[in-house]
Amino acid sequence: MPAAQFGRTVKAYLKTLSKREDAAAREIFETLTVALSENPRQMRGQSLAWLEKIEPEPWPGPTLAGDKRGRYSLKGWEFWKAYLHFPYAKGAARKGRVMYAIDEASRAVHLLMMYTHAEYQSRPDDGFLEGVMRESGIPPRQ
């Protein structure tokens with residue numbers, strides 16, 4: 001279930017590509033969506049050449065630390081990141097990332113956002129990620 005931010009980030013990314021690259025990227029995102037819906041935790045041994053790995057990701061700072069400012073519950077949810085390699089791109093743009101959350105109760109995968117290392121050299125900051133989660137319906141802490 002793609003979130004609004006995921007759709008926006010993919011759309012913005014696709015606008016930067018040539019027609020041939022756009023077609024290749026769309027195929028990658030479609031295949032990734034199916035693969036994650038079938039097995040969102042398969043960390044190694046994927047048969048997809050452009051998928052480097054999938055790993056659990058720490059929740060944004062206040063959530064993980066248990067600070068009172070934390071807005072997201074860890075119970076029943078997992079936060080993950082897929083590491084992609086775009087074969088048609090050059091430099092830092094070759095390294096793509098897709099962040100997603102897994103809702104254990106419904107077994108749903110929530111695609112949150114994608115980015116390349118040309119946009120962010122490391123993961124987006126926690127404040128931004130909290131906004132993406134809030135917009136995506138990740139439940140607030142009780």
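Reader: What is the mean pLDDT of the chain, then?
Author: The mean is 83, and 83% of the residues reach 70 or more, where pLDDT is the predictor's confidence in each residue, from 0 to 100.

Reader: Which elements have the lowest and the highest mean pLDDT?
Author: Helix α3 (residues 61–65) has the lowest mean among the elements, at 52, whereas strand β3 (residues 95–103) has the highest, at 93. Where pLDDT is low, the predicted coordinates should not be read in detail.

Reader: OK, how many helices and strands are there?
Author: The chain has four helices and four strands, and along the sequence they follow the pattern α-α-β-α-β-β-β-α. Helices (H or I, at least four residues) and strands (E, at least two) are DSSP runs, numbered from the N terminus.

Reader: What about the hairpin of β3 and β4?
Author: That hairpin has four residues between its strands, and R107 takes a positive phi near 60° there.

Reader: Switching topic: how much of the chain is buried?
Author: Buried residues make up 44% of the 142 residues, where buried means under 20% relative accessible area, exposed means over 50%, and partly exposed is in between (1.4 Å probe, protein chains only).

Reader: And why is β3 called largely enclosed?
Author: Eight of the nine residues of β3 are buried, so the strand is largely enclosed by the rest of the structure. Strand β2 (residues 77–85) is mostly covered as well, with seven of its nine residues buried.

Reader: Back to M114, where does it sit and what does it touch?
Author: M114 is in strand β4 (residues 108–116) and is buried, with a relative accessible area of 1%. Leaving aside neighbours within four places in sequence, M114 is in contact (heavy atoms within 4.5 Å) with F6, T9, V10, Y13, F29, F86, R97 and V98. M114 and Q5 are 109 residues apart in sequence, yet their C-alpha atoms are 8.5 Å apart in space.

Reader: R97 is on that list, so what else meets R97?
Author: The side chain of H117 makes a polar contact with the side chain of R97 at 3.2 Å. A polar contact is a pair of N or O atoms within 3.5 Å; within protein, one must be able to donate a hydrogen and the other to accept it, and residues adjacent in sequence count only if both atoms are side-chain atoms. H117 is in the loop between β4 and α4, and H117 is buried, with a relative accessible area of 19%.

Reader: Now the helices: where does I28 lie, and what does it touch?
Author: I28 lies in helix α2 (residues 19–38) and is buried, at a relative accessible area of 6%. Not counting residues up to four places away in sequence, I28 touches W50, L84, F86, P87 and Y88.

Reader: Last one, which residues of α4 are buried, and where do they fall around the helix?
Author: In helix α4 (residues 126–136), L129, E130, V132, M133 and S136 are buried. Seen down the axis of α4, those buried residues fall within an arc of 160°, taken from the directions from the helix axis to the C-beta atoms, so they line one face of the helix.

Reader: What happens at the two ends of α4?
Author: At the start of α4, a side-chain oxygen of D125 reaches to within 3.1 Å of the backbone nitrogen of G127, while the helix is followed by G137, whose phi is positive, near 85°.

Key: Residues are numbered from 1 along each chain as its sequence is written. This is a predicted model: local features need pLDDT of at least 70, side-chain atom pairs count only at pLDDT 80 or more; totals for chains, interfaces and linings use all residues. Side-chain values use heavy atoms; hydrogens and water are left out. Two strands pair if DSSP finds at least two bridges between them.
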